[in-house]
Amino acid sequence: MKSQKEMLLRMREDLVLGITRRSRTPAEGTAPDIGDILDSVSEERTRELDMILTDREKKKLLQLDDAIDRMEEGSYGNCEECGVKIPKGRLKVMPFAKYCVECQEKLERDEKYMKDEPEDGIKKVPAGDVEE
Ligand SMILES: [Zn+2]
């Protein structure tokens with residue numbers, strides 16, 4: 001699984017490089033050296049990155065770091081929810097996938113449901129099957 005790790009590291013690198021390019025214009029104060037940060041994965045550095053990144057980038061970086069961590073731990077490729085092995089095809093498309101397709105969909109559904117749940121309590125009457 002070495003190549004998979006290299007791929008993750010490269011994705012992480014690309015992400016950080018993109019940010020470096022974007023933040024060329026020096027903001028006020030001393031901008032941290034992103035090239036330096038890239039070489040280090042220490043928490044302190046991650047916190048520095050935290051200040052420059054958008055939420056989306058942060059999320060992606062976290063996912064990548066997480067996947068790299070799990071790879072080092074040896075738990076990479078297993079669903080965090082049900083422990084099942086995540087299919088290789090899925091890992092190819094989503095190298096930092098944490099969950100198998102089923103759990104991912106379930107989690108997304110739960111999240112959506114929680115967000116979309118109407119508070120005025122619209123009653124759902126099942127079509128058919130209604131006793132007169
Ligand atoms: Zn699962």
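Q: Which residues of H4 are buried?
A: In this predicted model, Leu61, Leu64 and Ala67 are the buried residues of H4. The cut-off for that label is 20 or more other C-beta atoms within 10 Å.

Q: What puts these buried residues on the same side of H4?
A: Their arc around the axis. Leu61, Leu64 and Ala67 are the buried residues in question. They cover an arc of only 125 degrees, so they sit on the same side of H4. An α-helix has 3.6 residues a turn, so residues three or four places apart point the same way.

Q: Which residues are exposed on the other side of H4?
A: Asp55, Lys59, Asp69 and Glu73 are exposed there.

Q: Which residues make up the largest nonpolar core?
A: This core has 10 residues: Leu8, Leu61, Leu64, Ala67, Tyr76, Ile86, Phe96, Ala97, Tyr99 and Cys100. H4 gives the most to this core, with 3 residues. Domain 1 (1–76) and domain 2 (77–117) each supply at least three residues to this core.

Q: Which residues are in contact with leucine 8, leaving aside its neighbours within four places in sequence?
A: Leucine 8 is in contact with Leu64, Ala67, Ile68, Pro95 and Phe96. A contact requires C-beta atoms within 7 Å.

Q: Why is methionine 11 called partly exposed?
A: Methionine 11 lies in helix H1 (residues 2–22). Methionine 11 has 18 C-beta neighbours inside 10 Å. Buried needs 20 or more, and exposed needs 12 or fewer. The count falls in between, so methionine 11 is partly exposed.

Q: What does methionine 11 contact beyond four places in sequence?
A: Leu64 and Pro95. Lysine 60 is 49 residues from methionine 11 along the chain, and their C-alpha atoms are separated by 9.6 Å.

Q: Why is valine 84 called partly exposed?
A: Valine 84 has 13 C-beta neighbours inside 10 Å.

Q: Where is valine 84, and what does it touch?
A: Valine 84 is in the loop between H4 and H5. Not counting residues up to four places away in sequence, valine 84 touches Cys79 and Cys100.

Q: What makes glycine 83 exposed?
A: Its count is 10 other C-beta atoms within 10 Å. The limit is 12 or fewer, so glycine 83 is exposed. Glycine 83 is also found in the loop between H4 and H5. From C-alpha to C-alpha, glycine 83 and cysteine 100 are 8.6 Å apart, and 17 residues apart in sequence.

Q: What is the secondary structure of the protein?
A: The protein has 6 helices and 0 strands. From the N terminus on, the order is α-α-α-α-α-α. Of the 132 residues, 10% count as buried.

Q: Where is confidence lowest, and where is it highest?
A: Helix H2 (residues 34–39) is lowest, at a mean of 58. Helix H5 (residues 88–93) is highest, at 90. The mean pLDDT of the protein is 77, and 64% of its residues reach 70 or more.

Methods: Residues numbered from 1 in each chain as written. Predicted model: local features only at pLDDT ≥ 70, side-chain atom pairs only at ≥ 80, totals over all residues. Helix = DSSP H or I, 4+ residues; strand = E, 2+ residues; numbered from the N terminus. Arc of directions from axis to C-beta. Core = buried A, V, L, I, M, F, W, Y, C linked by C-beta atoms within 7 Å. Domains from an automatic or database assignment. Contact = placed C-beta atoms within 7 Å. pLDDT = per-residue confidence, 0-100.
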